Amino acid sequence: MESISGAPGRRATIVDVATAAGVSKQTVTRAMNDMPGIKAETRTRIQQLAKDLGYVPSRFAKGLAQGAQTSIGLAIPGLTNPYFPAFIASVVEQATERNWQVVISDYVDRAMGPVSAVSQLAPQVDAVIGYLGNETGASQEILGRRPLVLLDLTGSTSAGEVSFDYAHAAALALAHLAGRGVNRVAYLDYVRDGGLSVRGQAFARRAGELGMATTFLNAEDSAGSARETISAYLAKGNSPKAIVTFNDLMAAGAMKALTAGGKNVPGDCAVIGMDGIALGELLTPELTTLALDLREVGAVAVRLVERLLAGELPAGAAESRVVLQHHLVVRESA
């Protein structure tokens with residue numbers, strides 16, 4: 001992007017357009033929103049200048065000018081995991097009840113990343129709900145006073161959070177396995193930068209408290225990668241009594257690897273997934289999982305946005321941080 005007012009890379013603002021056109025900010029607002037009280041040639045000139053400068057009025061500003069219906073953005077790291085379409089459906093259901101619009105940005109395999117996904121959504125929406133990992137501070141700055149509600153993260157600078165009690169989930173899974181006489185377990189994690197994920201850390205703490213022998217493995221967030229990792233683990237002569245996975249998709253891959261390796265599930269090795277997506281009921285054997293009520297997750301996130309937009313909750317207040325818990329759904333795999 002060319003330099004604007006001596007600041008390379010800075011996004012053009014309404015002030016830049018007004019200065020270039022020699023008009024007031026109010027006139028720019030009228031031109032960009034096709035409002036009356038402005039000459040046609042002036043409107044055309046301002047709109048062309050805005051285009052040349054790369055200025056796009058925010059959806060929030062348009063809403064103030066036009067009384068447009070509320071629009072919320074969803075920033076999602078991919079749709080290949082069935083968890084995310086199910087979560088999107090829950091948010092859309094809640095938004096539809098409120099006559100809100102939903103704009104989705106799927107940023108997986110894009111160079112832009114989560115922060116740029118929020119930048120893409122920002123001109124179109126009044127708030128954003130997103131799975132953004134640790135890329136949160138810049139995203140809230142992009143939105144300004146518009147709410148950012150983060151999923152699966154705590155301790156951020158966002159307006160609101162919906163996080164999950166992984167200590168509770170780990171306790172449920174390991175208590176169930178201990179009740180089956182399991183004393184040796186593998187945890188299949190997903191983390192890009194080494195170490196353990198938040199889920200893995202919670203599992204490690206609880207396993208340590210129980211004195212349960214534990215092996216930690218890592219794979220990409222896919223059934224195929226999970227299958228490869230578990231196959232390689234078995235090929236080295238390892239025989240876990242149970243495998244707990246980062247999510248249900250990876251559990252499906254682990255079960256395929258166990259079956260291919262001549263292991264019976266759950267006779268030789270029990271498997272427990274996490275998320276509770278519909279996929280688990282389609283597997284053979286059916287998957288035992290630590291399930292979230294995704295309709296509840298969507299409802300809580302949208303309700304937070306609603307209260308933040310209405311001023312009922314201050315951004316970052318304790319009440320804007322909600323923690324939800326998994327429940328153990330026992331099926332055939334464990």
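**Close-up 1. Contacts of Asp275 in the predicted model.** Asp275 touches Tyr83, Arg199, Asn247, Asp248, Thr289, Leu290, Ala291 and Leu292, leaving out residues up to four places away in sequence. Asp275 sits in strand S9, which spans residues 270-275. Its relative accessibility is 4%, so Asp275 counts as buried; the cut-off is under 20%.

**Close-up 2. The largest nonpolar core.** This core holds 72 residues. Tyr83, Phe87, Ile129, Val162, Phe164, Leu177 and Ile230 touch the most other members. Helix H13 (residues 294-310) supplies the largest share, 8 residues. In soluble globular proteins, nonpolar side chains tend to be buried together.

**Close-up 3. Surroundings of Leu177.** Leu177 is among the core residues that touch the most other members. Neighbours within four places in sequence are set aside here. Leu177 then contacts Val182, Val185, Ala242, Val244, Ala270 and Ile272.

**Close-up 4. Helix H10 against helix H11.** H10 covers residues 223-235 and H11 covers residues 248-260. Their axes come within 7 Å and cross at roughly 40°. The two helices are therefore oblique to each other. The crossing of H10 past H11 is right-handed. H10 contributes Ala223, Ala226, Arg227, Ile230, Ser231 and Leu234 to the contact. From H11 come Leu249, Met250, Gly253, Ala254, Lys256, Ala257, Leu258 and Ala260. By class, the contact has 10 nonpolar, 2 polar and 2 charged residues.

How values were computed. Residues are numbered from 1 along each chain as its sequence is written. This is a predicted model: local features need pLDDT of at least 70, side-chain atom pairs count only at pLDDT 80 or more; totals for chains, interfaces and linings use all residues. Side-chain values use heavy atoms; hydrogens and water are left out. A nonpolar core is a set of buried Ala, Val, Leu, Ile, Met, Phe, Trp, Tyr and Cys residues joined through side-chain atoms within 4.5 Å. Buried means under 20% relative accessible area, exposed over 50%, partly exposed in between (1.4 Å probe, protein chains only). Helices (H or I, at least four residues) and strands (E, at least two) are DSSP runs, numbered from the N terminus. Contact means heavy atoms within 4.5 Å. Axes are lines fitted to C-alpha atoms, for helices over the stretch in contact, and angles run from 0 to 180 degrees between N-to-C directions. Angles under 35 degrees count as roughly parallel, over 145 as roughly antiparallel, 65 to 115 as roughly perpendicular and the rest as oblique. A crossing is left-handed if the near helix is turned anticlockwise from the far one by less than a right angle, and right-handed if clockwise. Ala, Val, Leu, Ile, Met, Phe, Trp, Tyr, Cys and Pro count as nonpolar, Asp, Glu, Lys and Arg as charged, and the others, Gly among them, as polar.
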